[in-house]
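Hi,

Here is the structure I promised to pass on to you. Have a look at it first, and then read on for what turned up when I went through it.

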Amino acid sequence: MWSLIPEREEELKVKMKVSEIMNRNLITMSPNGTVYEAAKLMKEHNIGSIVVMEGGELKGIVTERDLITRYIAVEDGRKPEEVKIFEIMTKDPVTIRDNADIDEAARIMIERNVRRLIVVNYDGRVVGIISSRDILRIAPHIWFLLMQELRIAQSRGKWGLV
């Protein structure tokens, strides 16, 4: 069995950036949109969240979880057409830079207990979204690349057998 821990000053080259797998086709809406409109958009596009923007600026995110915990479970008697998104959205959503590594995105999702990160570029402009499902989708490819790197390192004698 190979050691999976690289020697000092040796680093595996298996790095994948958030920008490589993020979804660039954002579905957005205004904070003044309604819960009904958000649910309809989620259904039409088969998505679990909508980025809330106003004047090109990120205002929040509304997720399935927000719909359930901040609208459905509240039972205040208002219809979905009467409740504005800004009332139930997650304000100040967690963001990540587009040049961050995938492992950093996964770590942030775990630490912050979120399933989605809004991706921003160097000047803070929203450029995409990445979900835990996106990371899971590419996990087999990362594993394959990691194994290739380990095989190459083994053939060069950089890692010994444990």
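In which loop does Glu75 lie? Glu75 belongs to the loop between helix H3 (64-70) and helix H4 (85-88). Before going further, please keep in mind that this is a predicted model.

**Backbone points in the loops**

I began with Glu75 for its backbone: its phi is positive, about 50 degrees, although it is not a glycine. Most residues other than glycine have a negative phi. Glu75 counts as exposed because its relative accessibility is 69%, and the cut-off for exposed is over 50%.

Asp92 is another residue other than glycine with a positive phi, in this case near 50 degrees. You will find Asp92 in the loop between strand S4 (90-91) and strand S5 (95-97). With a relative accessible area of 72%, Asp92 is exposed.

Is Asp98 buried or exposed? Asp98 is buried, because its relative accessible area is 18% and buried means under 20%. Asp98 sits in the loop between S5 and helix H5 (102-112). Not counting residues up to four places away in sequence, Asp98 touches Lys17, Val18, Ser19, Val119, Val120, Asn121 and Val127.

**The three-stranded sheet**

S5, S6 and S7 form an open sheet in the order S5-S6-S7, and the pairing is mixed. S5 and S7 are the edge strands, each pairing on one side only. From one strand to the next, the twist averages 35 degrees.

The two pairings are worth looking at in turn. S5 and S6 run in the parallel sense and are joined over three bridges, with Arg97 opposite Val120 in S6. Strand S6 (residues 116-120) and S7 are antiparallel, over five bridges, and here Leu117 stands opposite Ile130 in S7. The hairpin of S6 and S7 has five residues between the strands, and in it Gly124 takes a positive phi near 85 degrees.

Leaving aside neighbours within four places in sequence, Val18 is in contact with Ile96, Arg97, Asp98, Ala100, Asp101, Ile102, Ala105, Val119 and Ile130.

**The four-stranded sheet**

There is also an open sheet of four strands, in the order S1-S2-S3-S4, with mixed pairing. Strand S1 (28-29) and S4 are at its edges; each has a single partner strand, so one side of each is left without a neighbour in the sheet. S1 and strand S2 (residues 49-54) run parallel and are joined by two bridges. Thr28 has Val51 in S2 as its bridge partner.

**The largest pocket**

S2, S7 and H6 each supply at least two residues of the lining. The largest share of the lining, four residues, comes from H6.

- Asp98, buried at 18% relative accessible area, in the loop between S5 and H5.
- Glu75 and Asp92, each with a positive phi without being a glycine.
- The lining of the largest pocket, to which H6 gives four residues.

Happy to go through any of this with you.

Best wishes

Note on methods
Residues are numbered from 1 along each chain as its sequence is written. This is a predicted model: local features need pLDDT of at least 70, side-chain atom pairs count only at pLDDT 80 or more; totals for chains, interfaces and linings use all residues. Side-chain values use heavy atoms; hydrogens and water are left out. Two strands pair if DSSP finds at least two bridges between them. Buried means under 20% relative accessible area, exposed over 50%, partly exposed in between (1.4 Å probe, protein chains only). Contact means heavy atoms within 4.5 Å. Axes are lines fitted to C-alpha atoms, for helices over the stretch in contact, and angles run from 0 to 180 degrees between N-to-C directions.
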